[in-house]
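Have a look at the model first.

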Amino acid sequence: MSDAPNSHGTSQTAERENAPHGVSGAWGGGAARTADLLRTPGVSQVRQSRTDRDPRIWPAEACSSAGVKRILVYSHDTFGLGNIKRMLEISKHLVAAYTNVSVLIISGSPIVHAFRIPPHIDYIKLPCLTRTLDGLYDVKFLGLGYEETIRMRTTLITSAILDFSPDLILVDKKPFGVSNELSPGLRLLHARGALPKVVLLLRDILDNQETTTSTWERNHYHEAVRCFYDRILVVGSPEIFDLATEYKFPASSESKVQFCGYLRRDRGSQTRAQIRGELGVHDEHLVLVTGGGGEDGYQLLANYVQGLNHLPKETKIKSLLICGPEMSEQNRRRLRDAAARPGLVIQDFNNDMMGCIDAADLVVSMAGYNTVCEILSLCKRAIVVPRVRPVQEQWMRAERMARLGLLRTIHPDHVTPMKLMRAVTEELNADDGWPQRAYAVDLDGMSRVATILYALLDDSAPVSTIAMT
């Protein structure tokens with residue numbers, strides 16, 4: 001595989017530098033213009049506080065110290081753990097690979113504090129949002145209205161961007177952020193002439209074609225890419241899903257797309273033998289069942305627990321169920337009440353998911369991007385029951401990978417306890433040359449993303465020559 005045509009250099013930089021301060025319609029028509037933007041409640045105070053201290057508003061290069069490259073990572077995090085886990089893993093890889101990099105993560109994840117944060121990485125926690133079943137956003141915890149919460153988040157984000165003065169901004173999925181909360185910070189940087197490198201990171205699949213193309217058009221995301229972004233990095237493979245083609249990207253956006261491959265995950269902190277020993281696994285099969293973050297994973301875990309009742313008593317299976325930190329306490333209790341069966345272990349959360357997957361003979365899970373990458377990294381047999389609402393992303397990923405023989409998938413509308421347990425039994429008893437028969441997935445995305453980002457920080461490095469092999 002090769003990169004997009006070599007148009008990532010001076011022509012795009014010039015285009016970005018000559019972009020208008022406001023993108024037409026992207027922030028409410030005339031309000032998108034810089035003069036109006038600076039009067040936006042919250043944002044105006046942020047900018048005023050800077051000008052009160054020093055009317056010059058320091059450029060980013062004047063704020064750098066001892067040659068440290070500053071990277072700001074925006075991860076909106078409205079549902080589940082996928083976004084923050086992905087962005088945190090990339091951040092960890094960056095600081096491990098390059099000693100002169102400092103990363104500040106801006107996240108709305110309710111459990112960002114639960115992850116191990118290494119030196120040279122810190123985070124700012126935003127008030128939490130949540131995504132409803134119909135795909136709309138709402139406030140998760142605070143007793144505030146949605147607009148008030150977005151205004152607060154916008155102020156925090158804009159302040160962080162101006163004070164941290166990043167050399168590079170890495171944005172997850174949404175070019176203007178949730179409800180355009182990232183837009184004021186980008187525009188203020190542009191207005192003061194500070195032009196850090198700005199990179200959009202997209203997972204392999206966003207949603208179905210119709211929904212995604214209309215969302216990008218309605219929110220003026222392609223205009224945002226044209227005016228503010230240097231690169232779009234896709235952590236996927238065009239052979240599995242060619243994002244730019246499937247979503248009909250215009251030439252201005254397509255020319256900035258670079259496929260990096262899927263994100264390989266490192267092995268866990270515990271070995272397969274250690275975890276199996278702790279769980280008392282001897283000659284049994286170990287099945288790991290996970291609902292991801294857990295907010296909508298209850299039905300999958302409940303089907304599995306009920307399905308155990310359909311197994312013959314002599315079946316040698318031990319099961320590890322991980323609820324996920326965002327599963328409701330009521331659903332946790334329901335699972336425990338139904339789980340009075342030997343050989344079944346239920347955990348609320350496990351911070352060594354890769355170790356658990358390594359220990360398992362079979363994984364039963366949803367089909368989130370991170371979970372699939374973890375399964376592929378360890379070449380594990382898997383049965384995935386993807387989420388299909390409010391977005392189709394997981395089902396599309398599961399279908400395409402099932403066609404390649406990488407996993408087995410069951411549509412959630414067709415799952416019953418008996419059907420799920422039949423699939424589990426078939427996979428455990430299969431003798432089909434796995435994993436040799438599986439399609440070879442490119443899993444070098446982590447190193448490519450880190451290399452490309454660092455090359456963008458170092459203008460002398462030829463970014464366009466970094467190719468997928």
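Which residue lies over the face of F164, and at what distance from the ring centre? That's R70, at 5.7 Å from the ring centre.

## Before we go on

This is a predicted model, so to speak of local features a pLDDT of at least 70 is needed, side-chain atom pairs count only at pLDDT 80 or more, and totals for chains, interfaces and linings use all residues. Residues are numbered from 1 along each chain as its sequence is written, and side-chain values use heavy atoms, with hydrogens and water left out.

## Charges over rings

A charge sits over a ring if NZ of Lys or CZ of Arg is within 6 Å of the ring centre and within 35 degrees of the ring normal. Besides R70 over F164, R334 lies over the face of Y298, at 5.9 Å from the ring centre.

## Rings with rings

Rings of Phe, Tyr and Trp (its six-membered ring) pair if their centres lie within 6.5 Å; planes under 30 degrees apart are stacked, over 60 edge-to-face, and the rest tilted. That gives 6 aromatic pairs. W216 and Y221 are edge-to-face, because their ring centres are 5.3 Å apart and their planes are at 90°. Ring pairs also link W216, Y221 and F249 into a cluster.

Y262 and Y369, on the other hand, are stacked, with 5.8 Å centre to centre and 20° between the planes.

## Tucked away

Buried means under 20% relative accessible area, exposed over 50%, and partly exposed in between (1.4 Å probe, protein chains only). W216 is buried at 5%, and Y221 is buried at 5%. Y262 is buried at 0%, and Y369 is buried at 3%.
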